[in-house]
Amino acid sequence: GINAEYGIAIKASDLQHEIQSVPPRMVRFLCGDIGGTNCRLQLYESFHGEEILLKEQTLPSKAYPSLSTAILEFLKEDQEYLGDKTRWPQVASFALAGPVVNNTCQFTNVGWMINGEEMQQVLKIEKIALMNDFVGLAYGLLDLKKDDRIILNDVDPLPNSPIACLGAGTGLGEVFLTHDGTNYIAWPTEGGHSDLASTNPLDYEFIEWLRKKHKLTHVSAERLISGTGIGNIFEFLSDKFPEQLRPEVKEDFEKRGAAAVTERALQQSDDLCVQAVNIFARVYAAEAGNLALKILPFGGFYIAGGVAPKMLSIITDNSKFLDHFFDKGRMQKLLQKIPVYVVTHKDPVLCVDT
């Protein structure tokens, strides 16, 4: 399989046959971690099992009409070699922010319809394998170093037990792994699109506000537990408590969105921003606890995604986050036996060793 320290996470079985079936020579392969915000692309060259990173680049997803056009932009300096097996990628694997079925993906947050076989024809690449981005992340968790995570609940993981992960970023991803006696296998979910539950009157009021504002019949968890969710909470609180909304904060929010709210909350410089981020953290922890109840991941529970590192002090320095994670009535003592970590690696999908 591909064995690059910072290679994109792929199951060894996905492309192993394609690479091993090629006579011993230079093989170029393309990898991508494709999110709703960014396309992180890498081009490698492999010879006798040694991989060399030739090029990497991050492109804005919404700037391109399709994933293929983004890849062609990434490879524009090599397009004269299109289809040349000595200079053009022969295999590729992409971790995508959406459900993957039969090597196709309706890309949730961008509007792309991605088909692996069609991309093979357009890009002249022999084999393209698609996987859900959180599947890629899940395999990356297995190779995290101690410095790549912070321990929230310091208990020993049980060997070969299930592992679970959720992460807020552009959306909300959820995934789990089970052990088959030899290896861990990752299972994708679309749990981020499950119903957002209310646990108090304010939550219920917020959900109804969202329904009316966006004309929704279904309010999913990621409407709140995501980068855009922080903005939604702040707007709701601004409508509910207009006397607390300072003009300079409103202006900054209109310019920078959720980043303005998170920044002021961390600085403790604005009460409304602090309230918004505290609500976000509470609901985030509660949803994490819901997933933990369903999987019972005594091998470890990981909080990942792009949002957590930006509010690390709120999650790690505040025992209330774990309190909300454990707050499941009679199941509290059971959840307290689960190791809980926050992933600090900038992109765990790029951390796998397969």
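Modeller: A cavity is a set of points, on a 1 Å grid over the protein atoms alone, where a 1.4 Å probe fits but cannot get out, and its lining residues have an atom within 4 Å of a point. This is a predicted model, in which local features need pLDDT of at least 70 and side-chain atom pairs count only at pLDDT 80 or more, while totals for chains, interfaces and linings use all residues. Residues are numbered from 1 along each chain as its sequence is written, and side-chain values use heavy atoms, with hydrogens and water left out.

Colleague: Which element gives the most to the lining of the largest cavity?

Modeller: The lining consists of L202, D203, F206, L224, I233, F236, I279 and R282. Two or more of these residues come from each of α5 (201-214), α6 (227-240) and α9 (271-295); helices here are DSSP runs of H or I with at least four residues, strands are runs of E with at least two, and both are numbered from the N terminus. With three residues, the element that gives the most is α5.

Colleague: How many charged residues are in the lining of the second largest cavity?

Modeller: Its lining is made up of L196, A197, D203, F206, I207, L224 and V283. Ala, Val, Leu, Ile, Met, Phe, Trp, Tyr, Cys and Pro count as nonpolar, Asp, Glu, Lys and Arg as charged, and the others, Gly among them, as polar. The division is then six nonpolar, no polar and, for charged, one.

Colleague: Which backbone oxygen does the side chain of T104 reach?

Modeller: T104 lies in strand β6 (residues 104-106) and is buried at 17% relative accessible area, where buried means under 20%, exposed over 50% and partly exposed in between (1.4 Å probe, protein chains only). Beyond its neighbours within four places in sequence, T104 is in contact (heavy atoms within 4.5 Å) with P99, M113, I114, N115 and L130. At 2.6 Å, its side chain reaches the backbone oxygen of V101.

Colleague: How many disulfides does the structure hold?

Modeller: C31 is buried, with a relative accessible area of 1%, and C165 is buried at 0%. A disulfide is taken as a pair of cysteine sulfur atoms within 2.5 Å. The number in the structure is zero.

Colleague: Which elements do the buried residues of α8 pack against?

Modeller: Helix α8 covers residues 258-267, and its buried residues are A258, A260, V261, T262, R264 and A265. An α-helix has 3.6 residues a turn, so residues three or four places apart point the same way. The buried residues of α8 pack against α6, α7 (247-256) and α9.

Colleague: Is Q268 buried or exposed?

Modeller: Q268 is found in the loop between α8 and α9, and its phi is positive, near 55°, in a residue other than glycine. Most residues other than glycine have a negative phi. With a relative accessible area of 60%, Q268 is exposed.

Colleague: What is the relative accessibility of K124?

Modeller: K124 is not a glycine either, yet has a positive phi of about 55°. The place of K124 is the loop between α3 (116-123) and β8 (127-132). K124 counts as partly exposed because its relative accessibility is 48%.

How values were computed
1 Å grid on protein atoms, 1.4 Å probe; cavity = no way out; pocket = protein on both sides within 12 Å on 5 of 7 lines; lining within 4 Å. Polar contact = N/O pair within 3.5 Å; in protein donor to acceptor, adjacent residues only side chain to side chain.
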